[in-house]
Amino acid sequence: MNKNQNKLKIGLLGAGTVGSGVVKALQNNDFVEIKKIGVKDLNKKRDFFTNLNSNNPALTGNLSEIVSDPEIGIVVEVLGGLNPAKELVTLAIKNKKHIVTANKDLIATYGPELFDLAKENNVQIQFEASVCGGIPIINTLKQTLSANNFKKITGIFNGTTNYILTEMLNKNLSFEVCLKEAQELGYAEPDPANDISGRDSAYKIAILASIAFRERIKIDTVYTEGIQKITLEDILLAEELGYRLKLIGLAKKESDGKIDIRVHPAFIKKTNTLSSVFGANNGVLVEGDLVGELTLIGKGAGSMPTASSVAGDINLLVAQISSSQKPNPQFVCQHTDFAKIRPVSETTNCYFLRIRTEDKAGVVGQIGTMFGKHDVSINTLTQRGTNQDNTASITLLTHLVKEERLQRALAEIKNTNVVKQVENVIRVLD
Ligand code: NAP
Ligand code: HSE
């Protein structure tokens, strides 16, 4: 395609945090122009219109009109959520439009169905922005690192929760205040429940694991725990013990072919690169047999970093469309089998435990005995003084132990009179 001639027409579904960034990012693009933008509220003030110097794209509340417009070659979906995104993307594919999306909910939930449909209709779906905002991890795995057999991917995949944990640690602010700030900065989902509960990170690690291990992952098989139960005390204790508390997603292919895939808060060593990923930044640590360890760190959320990935996907499609190339097979989903998942009860970890007990002689001995009975070996145990209600706060770090063993020990410990509450259980990663 010649520069500025016959610019390829884009239909943009959504003009919120990401969509408005996409409008700005494409403003001076020589090869594409946005023809129509679909939104919910036609009366909302859109600051990008004041900056545009060429013909303004038409704003419409009728999104089906965009996905059926014969002039539009690429539909960019940045609405979020499953509905109406799935229906509109499906229609767009059936109408032979290529898709670019930042929607991890959609890809992690309906990816297999949509990729099959795209193949049938000879169009492509690009979704770089769906994982880690501005970090180019998806196309790096698909193409640049494609010669590797991947062993493990570990990462911080959610900007909102990383921002909250960072602000709580550095500024001693409450969870609620930090969440509000993350929302105001455009990092959080419209409903931040998926950020906080770990679901957003689960979508992202499922997408990456599927690409890296070339198997489809059913999203509900990803063990997911969020940061709802994390307190400032946990964050500070992690620091004191030489760790940092992060919401981690990991996926590991094991020797029996099963995939250990999970999202949960974790104590990670301060020597681990991911411990220095702060604020809304994300970090992904990839372990491949050829490349070794590789870490990518960058802005995981926010308008322009995410728009950078969306616009990059658009450029990738334009290059293929304009040269009449067949889609590069590396960018098209080729695998169809579903992965076998290792249940979290079968995983082996070290654990940090915070337990409130009666403050009297023999309590520590009783707890130690119960752990011992279930073969849970204690690395350190500290009583951290007496509380105002005369209970004692005890913290423990265990050695490596199978999760089901730890859970059996905890079930027994919770039932003893001397234990008032097991206040938190947090996995410790190497
Ligand atoms: P957002 O700010 O809430 O924007 C959503 C846009 O979609 C708005 O323009 C909204 O219209 C429009 N919309 C939503 N539902 C609609 C409906 N039923 N009919 C018509 N228009 C509808 O969301 P966002 O933060 O840009 O996120 C968009 C997508 O990008 C999500 O999938 C998100 O997970 C993903 N993502 C976001 C980030 C980030 O940093 N925010 C980073 C990476 C990926 P109105 O403007 O009229 O309300
Ligand atoms: N809400 C998401 C986050 C946006 O905080 O990471 C980027 O996917």
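At what angle do the axes of helix α1 (residues 17-26) and helix α12 (residues 303-322) cross? In this predicted model, the two axes come within 8 Å and cross at roughly 60 degrees. That angle makes α1 oblique to α12, a class that excludes angles under 35 degrees (roughly parallel), over 145 (roughly antiparallel) and 65 to 115 (roughly perpendicular).

**Contact of α1 with α12**

- α1 passes α12 in a right-handed crossing.
- On the α1 side, the contact (heavy atoms within 4.5 Å) is made by T17, V18, S20, G21, V22, K24, A25 and L26.
- On the α12 side, S303, M304, T306, A307, V310, A311 and I314 take part.
- The residues of this contact divide into 9 nonpolar, 5 polar and 1 charged, with Gly counted among the polar residues.

**Helix α8 and its surroundings**

- Helix α8 (residues 175-184) has C178, L179 and A182 as its buried residues, where buried means under 20% relative accessible area and exposed over 50% (1.4 Å probe, protein chains only).
- Seen down the axis of α8, these buried residues fall within an arc of 100 degrees, so they line one face of the helix.
- The buried residues of α8 pack against α7 (159-171) and α9 (193-196).
- E176, K180 and E184 are exposed on the face of α8 turned away from its buried side.

**Basis of the values**

- Residues are numbered from 1 along each chain as its sequence is written.
- Local features need pLDDT of at least 70 in this predicted model.

Notes: Chains lettered and ligands numbered in written order. Predicted model: local features only at pLDDT ≥ 70, side-chain atom pairs only at ≥ 80, totals over all residues. Heavy atoms only, no water. Helix = DSSP H or I, 4+ residues; strand = E, 2+ residues; numbered from the N terminus. Arc of directions from axis to C-beta. Axes fitted to C-alpha atoms, helices over the stretch in contact; angles between N-to-C directions. Left-handed = near helix turned anticlockwise from the far one by under 90°.
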